[in-house]
Number of protein chains: 2
Amino acid sequence: MLISELSARTGASVPTLKFYLREGLLHPGESLSQTRSAYDETHVRRVGVIRALTETVGLSVQQTRGVLEVVDSPGPDLYTAYGRALGHLPPAVPESDDYPRARAVIERLGWAYEPKHVATRQLEQALAAAEAVGVPLDDERLAVYGPHVHAIAEHDLARVPREPDAAISYAVLGTAAHEPVLAALRRLAHQDIAARTTTG
Amino acid sequence: MLISELSARTGASVPTLKFYLREGLLHPGESLSQTRSAYDETHVRRVGVIRALTETVGLSVQQTRGVLEVVDSPGPDLYTAYGRALGHLPPAVPESDDYPRARAVIERLGWAYEPKHVATRQLEQALAAAEAVGVPLDDERLAVYGPHVHAIAEHDLARVPREPDAAISYAVLGTAAHEPVLAALRRLAHQDIAARTTTG
């Protein structure tokens, strides 16, 4: 199909598609002439992935490119690929020697504390931001969150495909795409509880 | 204090502070002359809030302004203010007549389905994005997520201050600032489980 049809199929405008091609998010079509290329179903699917990551998950073009690079060239193991992908997801945090807030929480929960993990830095930054905003999370709160989040994560891991490439793609895209689902569910649960309390 | 001292206290550059003032995120100081104003501790705290929301939570300037407007002028009740604030948090979603994916999930969980709620639209959009990315969430998965997320939300609600203005500020800022903490905890739990599985 030509780019005009790819636009009609995906709902993305032709200038947007040209932008994705220029930025290397979308792989080139098969060249038909100097100005025309042919696109196929792989392009349709890829445009859907790019739009979901940018528009709903809210990633920047640069973050989207980083996540898709891990999916496209995952390397040999899931654990390393997952860590690389997390480095492209918000919040972007500078490296440091120590993460005292994150360490205290992780050790209290009995999880493995690993300062090299990007997620450790991200937790430190998120805890500091909650303090800065005036809504710090105390130990009791985190002790309640921890086991629930761990149970969710255990279920996630049980669903990862066994085939290595599929597993990496699943873990990377699932982390990006499932976080907004969990956030929306929590917002809805708040409203569900508030509605029951107000009317009941 | 002058703007230079506010900059030193907060770590935000003078041009950044001027930008916050121009955008109405930061309230003006007390005018000392045509070019100098005096700032106080309320400005120091506000700059911390603005930076946490933009840099760690990842809100745009427009989203940050929207959230802070709700905090500054909350209106009479928590429930409405919370809904208004959610409209400023990502994902930004167009209104629609029906939200079939969200309705199915909410009804299966036994929560109150309310299509007028912004969070209902956000759940619909997030579920559609997960499908588009190729990592849809099936019923079994959502049935596991639901009760854990509801338990977290119940604990959240129990911690909301009783005084109405403080309650609204807490609910609005807590939703924005605690979501990155929960996301980081889930990422860490994934790595904790993966590490145990690989080495154990």
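# Chatting about burial, bridges and symmetry

Visitor: Hi! Let me start with one side chain: is R186(B) buried or exposed?

Guide: R186(B) has a relative accessibility of 4%, so it counts as buried, the cut-off being under 20%. Keep in mind that this is a predicted model.

Visitor: And what does R186(B) form a salt bridge with?

Guide: Its partner is D156(A), and the closest N and O atoms of the two are 2.8 Å apart. The pair joins two chains, because R186(B) lies in helix α9 of chain B while D156(A) lies in helix α8 of chain A.

Visitor: Does D156(A) count as buried or exposed?

Guide: Buried: D156(A) comes out at 4% relative accessibility.

Visitor: Remind me, why would such side chains pair at all?

Guide: Opposite charges can pair up when the charged atoms of the side chains come close.

Visitor: What is the relative accessible area of E140(A)?

Guide: E140(A) has 48%, which makes it partly exposed. R159(B) is partly exposed as well, at 26%.

Visitor: Which side chain meets E41(B) in a salt bridge?

Guide: That would be R9(B), at 2.9 Å from N to O. E41(B) belongs to helix α3 (residues 41-56) of chain B and R9(B) to helix α1 (residues 3-10) of chain B, so this bridge ties together parts that are 32 residues apart in sequence. E41(B) is partly exposed at 39%, and R9(B) is partly exposed at 42%.

Visitor: Which residues are linked in a network of salt bridges?

Guide: R101(A), E124(A) and E131(A) are linked that way.

Visitor: New topic. How many aromatic pairs are there over all chains?

Guide: Two over all chains. In chain A, F19(A) and Y20(A) form a tilted pair, with 6.4 Å from centre to centre and 50° between the planes. In chain B, the rings of F19(B) and Y20(B) also have centres 6.4 Å apart and planes at 50°, so that pair is tilted too.

Visitor: What about burial, starting with Y20(A)?

Guide: Y20(A) is buried, at 5% relative accessibility, whereas F19(A) is partly exposed, at 27%. Over in chain B, Y20(B) is buried with 6%, and F19(B) is partly exposed with 27%.

Visitor: What rotation superposes chain A on chain B?

Guide: A rotation of 180°, with 0.0 Å of shift along its axis, and the RMSD is 0.0 Å. That is how a two-fold axis relates copies. The C-alpha of chain A nearest the axis belongs to H148(A), 2.7 Å from it.

Visitor: Why do you say the copies meet through the same surface?

Guide: Because 100% of the interface residues of chain A are also interface residues in chain B.

Visitor: Last one, on helix α4 of chain A: how far apart are its end C-alpha atoms?

Guide: They are 16 Å apart. This helix has 12 residues (61-72), and at 1.5 Å a residue it should span 16 Å, so the two agree.

Visitor: Which residues of α4(A) are buried?

Guide: They are Q63(A), T64(A), G66(A), V67(A), L68(A), V70(A) and V71(A).

Conventions
Residues numbered from 1 in each chain as written. Chains lettered and ligands numbered in written order. Predicted model: local features only at pLDDT ≥ 70, side-chain atom pairs only at ≥ 80, totals over all residues. Heavy atoms only, no water. Helix = DSSP H or I, 4+ residues; strand = E, 2+ residues; numbered from the N terminus. Expected span 1.5 Å × (residues − 1). Buried < 20%, exposed > 50% of the residue type's maximum accessible area, 1.4 Å probe, protein only. Phe/Tyr/Trp six-rings, centres within 6.5 Å; stacked < 30°, edge-to-face > 60°. Least-squares fit on C-alpha atoms with pLDDT ≥ 70 in both. Contact = heavy atoms within 4.5 Å. Salt bridge = Lys/Arg side-chain N within 4 Å of Asp/Glu carboxyl O.
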